[in-house]
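Good morning, colleagues. Please take a moment to look at the sequence and the structure on the screen before I go through the points I have selected.

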Number of protein chains: 2
Amino acid sequence: MKSRLNEYVKPWVNDIEAYIPGKTIEGYVKLASNENNYGPSPRVMDAIEKAKSVLHIYPHKDDDVREKIAGYCNTKAENIILGNGSDELLDLILKAFKGPCIGLNPSYSWYKIAAGILGEEYLEVNLNDDFTLSSEQFIDKSKRANILFLCNPNNPTGTVIPEDKLREILDENKITVIDEAYYEFYGKSAVPLLKKYDNLIVLRTFAKAFALAGLRIGYGIANSNIIDLLYKVKMPFTTNSVAQEAAISALDDLRYTESRVNKIIKDREILFNKLKQKFRAFRSHANFVLIDTTPIKSKEFYEWFLERGIIIRNLGKFNGFRGEYCRISVGTSDENRAFIRALEEL
Amino acid sequence: MKSRLNEYVKPWVNDIEAYIPGKTIEGYVKLASNENNYGPSPRVMDAIEKAKSVLHIYPHKDDDVREKIAGYCNTKAENIILGNGSDELLDLILKAFKGPCIGLNPSYSWYKIAAGILGEEYLEVNLNDDFTLSSEQFIDKSKRANILFLCNPNNPTGTVIPEDKLREILDENKITVIDEAYYEFYGKSAVPLLKKYDNLIVLRTFAKAFALAGLRIGYGIANSNIIDLLYKVKMPFTTNSVAQEAAISALDDLRYTESRVNKIIKDREILFNKLKQKFRAFRSHANFVLIDTTPIKSKEFYEWFLERGIIIRNLGKFNGFRGEYCRISVGTSDENRAFIRALEEL
């Protein structure tokens with residue numbers, strides 16, 4: 001059938017780029033996927049105990065979790081949609097709305113891949129050399145697009161788009177997705193803009209500050225018309241019972257997460273200051289720091305740390321930019337110190 | 001923006017039917033979603049303990065789980081793809097391959113909805129009056145389709161398609177999906193046919209016999225060319241860490257699942273014999289029994305049990321069929337007895 005298989009394949013599928021996830025090696029310090037290495041609140045562990053008795057039934061706490069998240073976001077449950085990580089919400093947005101799409105370069109690579117999977121055109125606007133955004137240029141090019149993907153703070157640069165620029169972009173009245181995966185490390189959100197803009201979709205996750213990457217739960221916040229539409233294209237039961245219980249408990253213990261987030265922010269500044277003594281480092285508003293490893297090759301930089309038991313992310317070249325890049329996630333204070341020791345030997 | 005929102009919506013999205021899941025009410029006996037009410041193996045609980053220490057990192061055991069499942073299916077890891085339930089695999093198949101699609105009526109309703117979400121045409125072939133399949137009729141109509149969805153044993157009828165008919169259908173050389181969600185209750189599988197047919201995709205799940213519906217993990221088995229294609233259109237990290245550990249442990253304790261499956265099969269026969277004394281009941285090869293509630297309305301039948309603390313599934317009328325239908329999942333022996341007591345009072 002090999003020859004016929006190709007006949008059945010959607011024509012754009014062959015062009016889809018592969019997503020390259022961060023490596024996990026047992027026993028290594030992992031600073032490659034912007035995880036929170038302190039782990040979740042102890043209350044999450046109790047929640048998991050609770051979930052054990054309902055493993056055999058389909059997840060059924062969507063409404064409770066939406067209600068709980070609505071409280072955290074100061075909005076209503078009807079404005080919240082749950083996803084199997086916020087990645088699922090990108091898929092739902094692309095299923096509900098027509099392309100073309102537009103995003104930033106560099107940015108989280110999954111927007112482009114997700115669009116490609118559904119055969120949607122994806123335009124890109126290069127950030128400035130310091131990774132700030134020229135909103136005029138973005139608005140100009142986005143006239144051709146229907147769906148706009150912004151990541152704020154932006155992954156992998158750590159840079160942010162100020163609110164006045166976000167408003168300018170939102171005024172264009174396109175479906176505007178603002179991915180706030182790193183919100184808790186930044187503190188500023190586009191959520192209050194939902195009062196004015198019903199073309200806005202904010203995405204959040206429990207994978208970063210709340211340290212639940214392994215459980216896969218994210219959410220979207222938007223006007224209830226958009227939420228209803230996204231639920232129309234959503235499979236039932238995409239967030240599992242353990243994640244649902246864990247998310248509720250994590251939000252019951254915000255102080256725990258806040259204290260860890262504050263530690264990570266302090267350590268990020270220490271890391272940034274150390275890195276910028278040797279390299280072009282970019283001020284970050286998230287839980288990672290991006291550097292241009294020049295004059296060292298980024299692969300060599302990456303391998304230096306790998307040989308010392310530390311996994312960072314080698315990003316190589318960015319299309320249209322000079323230099324070569326690595327991204328270092330902020331780990332625990334101990335892990336950070338280990339990274340800095342290895343950096344000082346470099 | 002309300003008026004403009006509609007401009008951006010993909011035209012077919014408004015036509016998508018809603019999926020109606022089984023109800024869960026705390027304290028009620030739930031015989032509505034074909035779950036295994038005995039719950040999973042105690043070893044699964046140990047596995048969850050293990051997963052607690054890695055909640056903060058992205059799931060990273062895909063390869064181990066694929067290897068383990070390959071052992072269970074007597075195939076290779078390269079022939080296995082994991083999903084967030086087998087529902088995700090339906091989405092991936094529809095993303096990778098061109099429609100139109102074809103399926104049976106009645107059958108698992110998600111095939112049609114999933115196709116509709118991606119704007120793919122979905123044809124249907126009515127089963128015979130006794131819910132067996134006329135394969136000639138199916139093959140004839142499927143000439144117009146590229147993707148064929150079969151559910152074997154079929155949900156909600158419990159009927160099966162014999163292997164010779166499956167071979168006839170597979171000989172047509174279309175992308176043929178055989179959903180074996182209820183395989184463990186039937187015992188016969190299309191997996192050995194993979195040696196001959198590289199157009200075959202078998203779907204399985206841990207939600208039914210393995211009692212892990214809450215964790216969301218399913219898998220597909222196919223030729224490695226198809227598996228590679230499906231991975232191209234798949235988001236990373238769709239099965240969570242707890243599900244991955246649980247699946248491995250469940251397969252380490254097959255005897256536990258087998259003993260519960262055998263009990264469920266025995267109880268299904270008791271249930272079937274009781275039901276057919278009063279109603280047109282259909283012989284089932286899965287963990288549920290379908291009945292035509294005539295002369296009672298299916299809604300009244302459903303409510304009789306609901307008033308007695310038992311939730312079954314009211315399916316109402318099937319398009320093109322006489323009668324009205326309810327589906328009763330086989331619960332634990334105690335739950336079954338409670339159902340039969342209520343049935344005898346009816």
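Chain A is superposed on chain B by a rotation of 180° with 0.0 Å of shift along its axis, and the RMSD is 0.0 Å. The two copies are therefore related as by a two-fold rotation axis. Both copies use the same surface, since 100% of the contact residues of chain A recur in chain B. Please keep in mind that this is a predicted model.

I turn next to the helix packing in chain A. The axes of helix H11, residues 254-278, and helix H13, residues 333-345, come within 10 Å and cross at roughly 5°. H11(A) is therefore roughly parallel to H13(A), as the angle is under 35 degrees. On the H11(A) side, the contact residues include A:Lys263, A:Asp267, A:Ile270 and A:Leu271; on the H13(A) side, they include A:Asn336, A:Phe339, A:Ile340 and A:Glu344. By class, this contact of H11(A) with H13(A) has 6 nonpolar, 2 polar and 6 charged residues.

A second pair in chain A is helix H2, residues 42-51, with helix H10, residues 241-252: their axes come within 8 Å and cross at roughly 145°. The crossing of H2(A) and H10(A) is right-handed. Among the residues in contact are A:Val44, A:Ala47 and A:Ile48 of H2(A), together with A:Val242, A:Ala246 and A:Ala250 of H10(A). The contact of H2(A) with H10(A) comprises 7 nonpolar, 2 polar and 4 charged residues.

The buried residues include the charged A:Asp87, A:Glu88, A:Asp91 and A:Lys95.

Finally, some remarks on the backbone. Most residues other than glycine have a negative phi, and most peptide bonds are trans. In chain A, a cis peptide bond joins A:Thr294 and A:Pro295, with omega about 15°. A:Pro295 lies in the loop between strand E10 and helix H12 of chain A. In chain B, the bond from B:Asn152 to B:Pro153 is cis, with omega near -5°, and B:Pro153 is in the loop between strand E5 and helix H7 of chain B.

As for phi, A:Phe237 has a positive value of about 65° although it is not a glycine. A:Phe237 lies in the loop between H9 and H10 of chain A and, at 15% relative accessibility, counts as buried. B:Asn173 also has a positive phi, near 70°, but is partly exposed, with a relative accessible area of 23%.

Note on methods
Residues are numbered from 1 along each chain as its sequence is written. Chains are lettered from A and ligands numbered from 1 in the order in which they are written. This is a predicted model: local features need pLDDT of at least 70, side-chain atom pairs count only at pLDDT 80 or more; totals for chains, interfaces and linings use all residues. Side-chain values use heavy atoms; hydrogens and water are left out. Axes are lines fitted to C-alpha atoms, for helices over the stretch in contact, and angles run from 0 to 180 degrees between N-to-C directions. Helices (H or I, at least four residues) and strands (E, at least two) are DSSP runs, numbered from the N terminus. Angles under 35 degrees count as roughly parallel, over 145 as roughly antiparallel, 65 to 115 as roughly perpendicular and the rest as oblique. Contact means heavy atoms within 4.5 Å. A crossing is left-handed if the near helix is turned anticlockwise from the far one by less than a right angle, and right-handed if clockwise. Copies are superposed by least squares on the C-alpha atoms of residues with pLDDT of at least 70 in both. Buried means under 20% relative accessible area, exposed over 50%, partly exposed in between (1.4 Å probe, protein chains only).
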